[in-house]
Amino acid sequence: MTSPTVRPSPRLRWLLAPLVLLTLTGCFDLLQEIWILPDGSGRVVFDIGLPRTFIDLARSQGKDPLEEMRADARTTEAELKKDPDVTKFEFREYEENGQQHLVYDLTVRDATRLGELQKRAMEQSATAKQAKQGQGKAELAFRIERRGFGEYVYVQSFGEPKNTAGAPGGTNEAAERAARDFGTQMARALLGNHFYIVRVHGQTIPETNGTLNEKKDTVEWKYSLVDLVDAAGKGTELRAVVQAAPPLWLWPVVLGVPLLVLLLAVKAARRQRARRTV
C-alpha cells in the first residue's frame with residue numbers, strides 16, 4: 001500500500017521561497033537594455049553582475065559559475081550565428097564594484113525578431129534555465145511589434161494574475177498571510193540589494209507605464225529580485241510605444257523646409273534674371 005503524496009503547506013512554501021531564490025539565482029543583478037533603431041534593426045544587451053563573494057563561495061564548493069557562463073556564451077553564439085538576421089553577437093566581461101559582469105550583446109536586422117532570438121538564446125543557456133527556475137514565472141522574454149511609420153510596441157509580461165478569491169482546503173488566511181509576509185521579509189533581507197533593470201531606447205517614447213528620462217527617449221523599469229517574484233504573481237506587464245524614426249507628422253516639416261528654401265531660391269534667381277534683361 002503506497003502512502004499518499006505529502007504536499008507542502010502554503011506556509012512552508014513561503015518560508016522556503018527565499019532560500020530557493022538564493023540558491024538558484026545566485027544573487028545576481030541583471031541589466032537588460034534594448035535599442036530600436038531608425039533603420040528597423042534592434043539591439044539587446046544583457047549585463048549580468050555576480051558578486052565576487054558568491055563566485056569565491058561557489059569555487060570553494062567545486063563549481064565555477066564563470067566557466068559555466070562562458071561555455072553557455074560559446075553555445076549561444078554558435079546557435080545564433082546560424083540565423084541570417086543576426087549581424088552581431090559579442091560576449092565580454094568586466095569587473096566593477098566587487099562584481100564580475102558578463103555581457104551578452106546581440107544585434108539583428110529586424111527589431112521585431114529580438115524577442116524570438118533572445119528566447120532561443122535562453123533555451124541554449126543552462127545558466128539562464130537555472131535562473132528562470134529561481135524566478136518562477138518571472139520571464140525575461142519580451143516581444144516587439146511593428147505598427148508602421150517607424151512606430152513599435154515593446155511588451156514584456158511577468159507571469160499571470162493569480163485568483164485570490166479564497167484559500168483552498170480551508171487554509172487559515174491569516175496564517176497564510178503571516179507566513180507570506182515573513183517569507184517576503186527573509187527574501188528582502190537576502191536579495192533586496194539585487195536588481196533586475198529593463199531599459200528601452202528609441203528616438204521618442206510617447207507612451208509607457210515605465211519611468212521616462214527627461215529627453216523622453218529612454219524608459220526604465222527597476223525591480224528588486226524580491227519585487228520581481230511579487231510582480232510575476234500579479235501578472236505585471238511592461239509596455240512602451242517607441243518611435244524609432246521621425247513621426248509621420250514630422251515628414252512634411254522635414255521635406256517641406258528644404259523644398260520651400262529651393263522654391264524661394266528659384267524665385268529669387270528668376271527675379272534677378274528678369275532685372276538683367278530689362
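This report describes the sheet, the helices beside it and the packed residues of one protein structure.

## The model and its overall make-up

The model is a predicted one, in which local features need pLDDT of at least 70 and side-chain atom pairs count only at pLDDT 80 or more, while totals for chains, interfaces and linings use all residues. Residues are numbered from 1 along each chain as its sequence is written, and side-chain values use heavy atoms, with hydrogens and water left out.

The protein holds 8 helices and 11 strands, where helices (H or I, at least four residues) and strands (E, at least two) are DSSP runs numbered from the N terminus. Of its 278 residues, 37% count as buried; here buried means under 20% relative accessible area, exposed means over 50%, and partly exposed lies in between, with a 1.4 Å probe and protein chains only. Among contacts (heavy atoms within 4.5 Å) between residues at least 6 apart in sequence, 65% join residues at least 24 apart.

## The sheet and the helices across it

## Strand β10 and its neighbours

Strand β10 (residues 218–224) pairs with β9 in the antiparallel sense over 2 bridges, and it is joined to strand β7 (residues 195–201), also antiparallel, by 7 bridges. Within β10, Val-219 is the bridge partner of Leu-212 and also of Val-200. Because 5 of its 7 residues are buried, β10 is largely enclosed by the rest of the structure.

The hairpin formed by β9 and β10 has 5 residues between the strands, and Lys-216 in the turn has a positive phi of about 60 degrees. Lys-215 is found in the loop between these strands and counts as exposed, because its relative accessibility is 68%. Lys-215 and Gln-203 are 12 residues apart in sequence, and their C-alpha atoms are 9.3 Å apart in space.

## Core and aromatic residues

The largest nonpolar core has 40 residues, of which Ile-34, Leu-106, Tyr-154 and Trp-221 touch the most other members; such a core is a set of buried Ala, Val, Leu, Ile, Met, Phe, Trp, Tyr and Cys residues joined through side-chain atoms within 4.5 Å. Leaving aside residues up to four places away in sequence, Tyr-154 touches several residues, including Ile-34, Phe-142, Val-200 and Trp-221.

Ring pairs link Phe-142, Tyr-154 and Trp-221 into a cluster, where rings of Phe, Tyr and Trp (its six-membered ring) pair if their centres lie within 6.5 Å. Elsewhere, Lys-222 lies over the face of Phe-195 at 4.5 Å from the ring centre, and Arg-43 lies over the face of Trp-35 at 4.8 Å from the ring centre. A charge sits over a ring if NZ of Lys or CZ of Arg is within 6 Å of the ring centre and within 35 degrees of the ring normal.

How values were computed. Pairing = 2+ DSSP bridges. Phe/Tyr/Trp six-rings, centres within 6.5 Å; stacked < 30°, edge-to-face > 60°.
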